[in-house]
Amino acid sequence: QAQLLESRGGQVQAGASLRLSCGASGDSLSRFRVGWFRQAQGKERDFVATVGRSGGFTYYADSVKGRFTISRDNAKNTVYLQMNSLKSEDTGGYYCAARMGSSGYYTYNSDKDYDYWGQGTQVTVSS
């Protein structure tokens with residue numbers, strides 16, 4: 001059973017960049033489709049991005065397309081979320097999630113699609 005752990009987030013100014021990572025213990029992350037979600041205070045958890053098991057397929061929410069990049073290094077058992085041109089509306093708790101048994105080109109953009117979750121890490125963007 002995979003246990004996911006996100007790297008520490010942080011507080012940055014609008015326009016800055018930040019990279020989050022998601023590591024796994026207990027299993028090889030290469031077996032899983034991995035996604036990132038975020039949750040602003042008082043709001044529902046929203047999909048951010050997902051990456052296929054080989055890293056060849058990626059899919060993004062419209063709100064982050066062109067600014068965020070999801071990638072993975074299976075040799076390091078890690079998935080990354082590079083966030084550029086951050087905006088105040090990107091503020092929230094960021095969670096990585098994983099699922100097995102994925103179809104390569106399906107979007108899996110619902111939190112119901114994922115079986116394993118990290119504890120989350122806070123990202124705060126001030127304007």
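**Entry 1. A loop residue.** I looked up Gly42 and found it in the loop between strand 4 (33-39) and strand 5 (45-51). Strands here are DSSP runs of E, at least two residues, numbered from the N terminus. The model is predicted: local features need pLDDT of at least 70, side-chain atom pairs count only at pLDDT 80 or more, and totals for chains, interfaces and linings use all residues. Residues are numbered from 1 along each chain as its sequence is written, and side-chain values use heavy atoms, with hydrogens and water left out.

Gly42 has 83% relative accessibility, so I noted it as exposed. The classes are buried under 20% relative accessible area, exposed over 50%, and partly exposed in between (1.4 Å probe, protein chains only). I then took the C-alpha separation of Gly42 and Asn74, which is 34 Å for residues 32 apart along the chain.

Entry 2. I traced an open sheet of four strands, in the order 1-3-8-7, with antiparallel pairing. Strand 1 (3-6) and strand 7 (68-73) each have a single partner strand and stand at the edges, so one side of each lacks a neighbour in the sheet. From one strand to the next the twist averages 20°. Angles of this kind run from 0 to 180 degrees between N-to-C directions, with axes as lines fitted to C-alpha atoms.

Strand 1 and strand 3 (residues 18-25) run antiparallel and are joined by four bridges; pairing requires that DSSP finds at least two. I picked out Leu5, whose bridge partner in strand 3 is Gly23.

**Entry 3. Aromatic rings.** I used this rule: rings of Phe, Tyr and Trp (its six-membered ring) pair if their centres lie within 6.5 Å, with planes under 30 degrees apart stacked, over 60 edge-to-face and the rest tilted. By this rule I count eight aromatic pairs. Phe32 and Tyr116 have ring centres 5.7 Å apart and planes at 85°, so they are edge-to-face. Phe32 is in the loop between strand 3 and strand 4, and Tyr116 is in strand 10 (residues 116-117), so this pair ties together parts 84 residues apart in sequence. Phe32 is buried, at 1% relative accessibility.

Tyr106 and Tyr108 also make an edge-to-face pair, because their centres are 4.5 Å apart and their planes are at 70°. Tyr106 is partly exposed at 46%, whereas Tyr108 is buried at 7%. Phe37, Phe47, Tyr59, Tyr114 and Trp117 are linked by ring pairs into a cluster.

**Entry 4. A charge over rings.** I checked Arg45 next. A charge sits over a ring if NZ of Lys or CZ of Arg is within 6 Å of the ring centre and within 35 degrees of the ring normal. Arg45 lies over the face of Trp117, 3.8 Å from the ring centre, and its charged end sits over the ring of Tyr95, 5.5 Å from the centre.

**Entry 5. The core.** The largest nonpolar core has 33 residues, and Trp36, Leu81, Met83 and Tyr94 have the most contacts inside it. Such a core is a set of buried Ala, Val, Leu, Ile, Met, Phe, Trp, Tyr and Cys residues joined through side-chain atoms within 4.5 Å. Strands supplying at least two residues each include strand 8 (78-83), strand 9 (92-99) and strand 11 (121-126). Leaving out residues up to four places away in sequence, I listed what Leu81 touches, including Trp36, Val48, Phe68 and Tyr94. Contact means heavy atoms within 4.5 Å.
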